[in-house]
Amino acid sequence: MEDAGQKESVPVPKERSYFRDNPPPKTLESHTKLAKAFISYHVRSNRDVVMITSGGTTVPLENQTVRFIDNFSAGTRGATSAEYFLEAGYAVIFLHRQFSLLPYSRHYSHSTNCFLDFMTEGQNGEVEVNPEYQQKMLGVLRKYNAAKRENKLLMLPFTTITEYLWELREIATLMRPLGPKALFFLAAAVSDFFLPKDRISEHKIQSSDNKEPVTNGSSKSETSAGPPVGHGKQLKIDLDPVPKFLKMLVDGWAPEGMIVSFKLETDPSLLVFKAQQALEKYAHHLVIGNLLSTRKYEVVFVAPGEEEHWIRVPVHRRIKSVTAPRPDMKALKDEQTTEQEWFRG
Ligand SMILES: CC(C)(COP(=O)(O)O)[C@@H](O)C(=O)NCCC(=O)N[C@@H](CSSC[C@H](N)C(=O)O)C(=O)O
């Protein structure tokens, strides 16, 4: 009989240990409450709900974060897609990087067009919208107010990879009662590597050349992967791979949902292959591939058992949206249009 003390410790799958070792964000409880109410409202109204993730996740290098590794994304793809999904009748949970572009306000945000440039001072000192922008701004404002009035847009922010994974898991689980009426549109630029808790410094990593490497008190020997240290020269950081959350989403968190992920590459020769590889690995419904350099002008749709399908802006096409969460993705429509909105945002 094996003594309990000698029991072979069963390795905890990396995915589970990640959530054990990285505590949930302080905002999780309030966000979960909002998402629960939002989802049950739309289950009752029998509406399709899409969770759109948008923006880049960060990997903090210190607990009291001064430095972090960021993933590229302004949030244009996610914010623009949210507007089109709302127009197509979906309710939208917009899980986005804090301060990245948002549906509707993206047209007048600090980074694209400063909203003050659209204002003028009226005769009695009141603030007015410049007449030349009234029409377009009125259209955006009406859509935004309708989305709020009809409770069809819930916007929840994240910053770090840990916040993103906790929120994704919790909200995906809450979306289960939607069954196939749940759609996941994963446009966020997600970190592939992170700094585990036992190797992260509590305080700002020192750049000056201290006698002793700065540690957070961990007894790691010099040879093992200790915390990032500065010796006045290079900063050596030893990162671990982030658990493959797409597998958890497909297999566990959202077994009936329809899942669309984005694949971002910079090397054209890799894009379709890596998109196909992701599909084979995770068995979800669609990978939309894009290259960093041409992401505003072309995307490639890679669906199981189908030839890849390129859509390019020069022919004035935009992806209307997924009109119904159907695994075969036949519902994807690309239509002739004069707008090039979806890509260029
Ligand atoms: C980020 C952009 C390019 C949009 O840009 P903005 O309009 O400026 O926001 C988006 O289109 C995109 O490719 N998003 C996905 C980027 C991404 O990180 N994709 C992951 C797949 S999702 S993360 C999946 C994880 N690695 C796993 O295997 O579980 C990847 O390429 O690897």
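**Entry 1: the largest pocket.** I started with the pockets of this predicted model. The largest pocket holds about 1,000 Å³ of space. I found 40 residues lining this pocket, and Ala188, Val190, Phe262, Lys263 and Leu264 are the closest to its centre. Next I asked which helices and strands each supply at least two residues of the lining. My list has helix H3 (76-87), helix H6 (245-253), strand S13 (258-265), helix H7 (268-282) and strand S14 (286-291). By class, I noted 19 nonpolar, 12 polar and 9 charged residues in the lining of the largest pocket.

**Entry 2: the second largest pocket.** Here I wrote down a volume of about 600 Å³. The lining has 26 residues, and Pro23, Pro60, Thr160, Thr162 and Glu163 lie nearest the centre. Strand S2 (58-60), strand S7 (153-158) and helix H5 (161-174) each give at least two residues to this lining. Which element supplies the largest share? I found that H5 does, with 4 residues. The classes in the second largest pocket's lining come to 12 nonpolar, 9 polar and 5 charged.

**Entry 3: salt bridges.** Side chains of opposite charge can pair when their charged atoms come close. I counted 13 salt bridges in the model.

I looked at Asp48 and Lys181, whose side chains meet at 2.9 Å, N to O. This pair links distant parts of the chain, 133 residues apart. Asp48 sits in the loop between helix H2 (28-44) and strand S1 (49-54), and Lys181 in the loop between H5 and strand S8 (182-186). Is Asp48 buried or exposed? Its relative accessibility is 13%, so I put Asp48 down as buried. Lys181, at 26%, is partly exposed.

My next pair was Arg106 and Glu83, with a distance of 2.7 Å, N to O. Arg106 lies in the loop between strand S4 (91-97) and strand S5 (119-121), while Glu83 belongs to helix H3, 23 residues apart. I noted both Arg106 and Glu83 as buried.

Then I turned to Lys143 and Glu87, which form a salt bridge at 3.5 Å, N to O. Lys143 is partly exposed at 42% relative accessible area, and Glu87 is partly exposed at 44%.

Last, I found a network: salt bridges that share partners join Arg199, Asp238 and Asp240.

Note on methods. Residues are numbered from 1 along each chain as its sequence is written. This is a predicted model: local features need pLDDT of at least 70, side-chain atom pairs count only at pLDDT 80 or more; totals for chains, interfaces and linings use all residues. Side-chain values use heavy atoms; hydrogens and water are left out. On a 1 Å grid over the protein atoms alone, a cavity is a set of points where a 1.4 Å probe fits but cannot get out, and a pocket is an open set with protein on both sides within 12 Å along at least five of seven lines; lining residues have an atom within 4 Å of a point. Grid points are joined across faces, edges and corners, and a volume is the space filled by probe spheres set on the points. Ala, Val, Leu, Ile, Met, Phe, Trp, Tyr, Cys and Pro count as nonpolar, Asp, Glu, Lys and Arg as charged, and the others, Gly among them, as polar. A salt bridge is a side-chain nitrogen of Lys or Arg within 4 Å of a carboxyl oxygen of Asp or Glu. Buried means under 20% relative accessible area, exposed over 50%, partly exposed in between (1.4 Å probe, protein chains only).
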